[in-house]
Amino acid sequence: MPLITFPTSQLLWVRVVAILFTCVAFSVVAHSGALPHGGMADWCIFCWAFSFACTLLVLLVEQFGLQARIPVSWSNFPITIACYAALLCFSASIIFPVFFLKDQHYNKEVRDHRIASTVFSCLATVVYIAEVSLTRARPGEVAGYMATAPGLLKVCQTFVACVIFILVSDPVSYDQHAALKWCMAVYCICFILSMAVVVLCLGECTGCLPIPFSKFLSAYGLLAVIMYLTATIIWPVFQFDKQYQGRSRASSNLIAVAVLTALNFLLYLADLVYTARLVFVSV
């Protein structure tokens, strides 16, 4: 009777461990965590479930050799999923204990289940970071764009922008001044373009652009740095200066948006530097 054998590797076991950790994280808290419906509870469950499902998909496709049947670039897809999963689990590892462990009074069983979910979420974050480290492009290695530093930075940029959207939307905090609406336009435009780059790379459609992909990345990177520089300056001025503050007061959400705006500016600046190096080295 023929036996089915699967090739094993360090990357395989890392993915298996990631699947186990994320499965435990959402299963334990869904079973006995006594979480409320909606809001941050659903977000944390989504982070763990999405990471679990996508990693399981990647694992099954690679083990059964189905890469050619999947309509995406397999040199870009797994590392993109791993990077998003690392960021999602990292956010859940921070949000979950803050909202559902701190200053919460529940029976010992519920609290123990929530602590276990937090621990396994942190462990999953570490494992996904290890997967990204194992699959990222090394110097001189031929790899997909998403495996390079600029590609990974694109993932981080879109994730930070999504967090900003959540913070400025509840409550709406960008409609008091035209300058704040400009900041919101910066977040939206740069998010759309960065996500477009990710989608083009995953779909292997970079050749569909009317200009060379490298020139598009350089021009867009420079534009994004300039736009985010203006938002980094304008947002705190119009939110925290008493001259423009009006009746609203500085809140933790507004401070977080200011910090994340500065963070995304640094990410776009690093992206531009890496992209320029890649373009000039290739030339």
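In this report a residue is called buried when its relative accessible area is under 20%, exposed when it is over 50%, and partly exposed in between (1.4 Å probe, protein chains only). The model is predicted, so that local features need pLDDT of at least 70 and side-chain atom pairs count only at pLDDT 80 or more, while totals for chains, interfaces and linings use all residues. Residues are numbered from 1 along each chain as its sequence is written, and side-chain values use heavy atoms, with hydrogens and water left out.

Helices are DSSP runs (H or I, at least four residues), numbered from the N terminus. Helix α5 (residues 149-169) is mostly covered, with 15 of its 21 residues buried. The axes of α5 and helix α7 (residues 213-240), which are lines fitted to C-alpha atoms over the stretch in contact, come within 14 Å and cross at roughly 30°. Lys154, Gln157, Ile164 and Val168 of α5 make the contact (heavy atoms within 4.5 Å) with Leu217, Tyr220, Tyr228 and Trp235 of α7.

Thr261 is placed in helix α9 (residues 252-282) and, at 1% relative accessibility, counts as buried. Not counting residues up to four places away in sequence, Thr261 touches Ile164, Tyr187, Tyr228, Ala231 and Thr232. Ile164 and Tyr228 also belong to the contact of α5 with α7. The polar atoms of the Thr261 side chain have these partners:

| Partner of the Thr261 side chain | Distance |
|---|---|
| Side chain of Tyr187 | 2.7 Å |

Terms used
Helix = DSSP H or I, 4+ residues; strand = E, 2+ residues; numbered from the N terminus. Polar contact = N/O pair within 3.5 Å; in protein donor to acceptor, adjacent residues only side chain to side chain. Axes fitted to C-alpha atoms, helices over the stretch in contact; angles between N-to-C directions.
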